[in-house]
Amino acid sequence: MSSARPRIRRSTPAGRRTRLALTGPAALLAAALTACSGGASGSAEVGGDGKAPDTSITVNLRGKAAAPGEPVKVTLAHGKLKAVSVKPGEGGPLAGKISADGRTWTSDRVAAPGTAYTVEATDTDGGSDRATFATAEAEKVNKLSLAPGKNTTVGIAQPLSVVFDHPVKDKAAVEKALKVSTSNDTEGSWGWLQDYSGKDRVDWRPKEYWKPGTKVTLDAQLNGVDTGADGGWFVRDYATTFTIGAAQVVKVDLDGHRLALHRDGKQVMDLPMSAGTPGGEKASWRGTAVLMSKEGTINMRSETVGLGDAYDKMVDYSMRLTWSGMYAHAAPWNANYFGQANRSSGCLGMSDANASALYGQVRVGDPFEITGAEAKGTVAEGNGYGAWNVSWEDWQAKSALK
């Protein structure tokens with residue numbers, strides 16, 4: 001790290017003799033003040049040799065490899081700051097505040113890795129100067145994936161879900177940078193969990209299902225946040241927006257072998273179906289699952305879900321409910337059991353016509369509320385979007401800031 005004092009270009013309005021010198025961490029503590037006696041008029045002039053007083057500033061970051069992750073702090077030795085601008089090579093300037101005594105300016109956000117910054121400052125006497133510094137490159141970079149997709153319309157149970165490429169040790173620092181806003185001040189909370197993939201994940205879910213029409217925005221101000229030695233640094237910000245659609249709930253009765261779609265509190269569809277065979281791994285999950293994706297016609301193979309060579313089929317109208325492989329879909333080969341018994345390998349099977357009708361009505365984010373004794377357990381929070389199976393109090397406790 002260089003200890004040399006940055007070169008400063010000075011700009012002083014006519015009639016002013018104030019110089020504002022930007023330096024690195026070692027402040028220039030002394031200012032040379034010279035006074036000369038006036039003539040017969042008794043007037044006095046500061047700096048009779050034509051030099052203005054040297055008013056020093058300390059910048060806490062300097063050189064070409066400054067440590068990232070710290071706010072930029074500019075301190076004026078004498079006088080008061082009027083304005084400070086700290087601009088990265090790309091993007092807008094960092095926001096910041098001048099202290100009450102006018103001596104210090106501190107950025108709201110931290111300096112990001114691998115970024116060159118230009119500092120410009122003016123004092124209340126009109127002096128202005130400029131300096132630069134750059135931060136060290138990140139040795140490891142963390143990234144994330146967001147759900148739902150940007151500018152989408154989703155169902156009332158869809159959480160805002162963030163999955164990280166690398167482990168997140170400093171969860172509080174990351175969570176502080178995730179700013180959620182809604183059009184109707186929806187109450188909600190972040191909760192940390194392990195994704196089915198094994199990666200760190202944090203979801204934001206409302207206390208209750210979303211109200212239809214709610215607009216949701218995530219502003220993830222992560223650039224410059226350090227997630228820990230194993231995770232690395234974020235080197236960019238992220239943002240997404242989505243809207244909540246109609247109030248739709250799919251109610252699944254495992255014991256009664258039926259599936260019903262409710263919209264705005266009214267039943268609009270009631271279908272016979274056959275769910276997973278009870279008494280083992282082929283049983284279906286109970287609890288609230290959330291429709292993750294509508295995948296159309298896909299190849300389903302039993303070995304991918306740990307069921308050996310039981311099946312290998314092309315399946316139509318496939319609607320994914322969990323990462324572990326539970327779907328609602330067409331299952332014409334199981335027609336003898338629709339409305340009568342659960343004899344599938346874990347999915348909710350229907351006729352071609354009924355599966356097509358349901359597929360055309362539901363949207364990603366709709367909840368499937370699954371009840372009944374013939375289940376192998378409750379959908380886990382990381383197996384798809386199982387956060388609704390956790391009480392609100394327990395969910396809030398999963399926040400790193402609670």
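Contact here means heavy atoms within 4.5 Å. The model is predicted, so local features need pLDDT of at least 70 and side-chain atom pairs count only at pLDDT 80 or more, while totals for chains, interfaces and linings use all residues. Residues are numbered from 1 along each chain as its sequence is written, and side-chain values use heavy atoms, with hydrogens and water left out.

**Exercise 1.** Describe the surroundings of Asn383.

Solution.
- Step 1, location: Asn383 sits in the loop between β28 (375–378) and α3 (392–396). Helices (H or I, at least four residues) and strands (E, at least two) are DSSP runs, numbered from the N terminus.
- Step 2, accessibility: Asn383 has 5% relative accessibility and therefore counts as buried. Buried means under 20% relative accessible area, exposed over 50%, and partly exposed in between (1.4 Å probe, protein chains only).
- Step 3, contacts: not counting residues up to four places away in sequence, Asn383 touches Tyr196, Trp285, Leu321, Thr322, Trp323 and Ser324.
- Step 4, polar atoms: a polar atom of the Asn383 side chain lies 3.0 Å from the backbone nitrogen of Trp323.

**Exercise 2.** Locate the "active site" positions that UniProt gives, and describe each one.

Solution.
- Step 1, record: an unreviewed UniProt entry places the feature "active site" at His329 and Cys347. They span 19 residues in sequence, yet no two of their C-alpha atoms are more than 7.5 Å apart, so they gather at one spot. UniProt positions are given in the numbering used here, feature names are shortened, and annotations may be inferred rather than shown by experiment.
- Step 2, His329: this residue belongs to strand β25 (residues 327–330) and is buried, with a relative accessible area of 5%. Beyond its neighbours within four places in sequence, its contacts include Met300, Tyr317, Cys347 and Ala355.
- Step 3, Cys347: this residue lies in the loop between β25 and β26 (348–350) and is buried at 8% relative accessibility. Leaving out residues up to four places away in sequence, Cys347 touches Ser274, Ala275, Gly276, Ser284, Gly325, Met326, Tyr327 and His329.

**Exercise 3.** Decide whether Asp253 is buried, partly exposed or exposed, and find what surrounds it.

Solution.
- Step 1, location and accessibility: Asp253 is in strand β19 (residues 248–253). Its relative accessible area is 33%, so Asp253 is partly exposed.
- Step 2, contacts: apart from residues up to four places away in sequence, Asp253 touches Arg258, Met273 and Thr371.
- Step 3, polar atoms: the backbone nitrogen of Gly256 is 3.0 Å from a polar atom of the Asp253 side chain.
- Step 4, distance: Asp253 and Glu374 are 121 residues apart in sequence and 9.6 Å apart in space, C-alpha to C-alpha.

Conventions. Polar contact = N/O pair within 3.5 Å; in protein donor to acceptor, adjacent residues only side chain to side chain.
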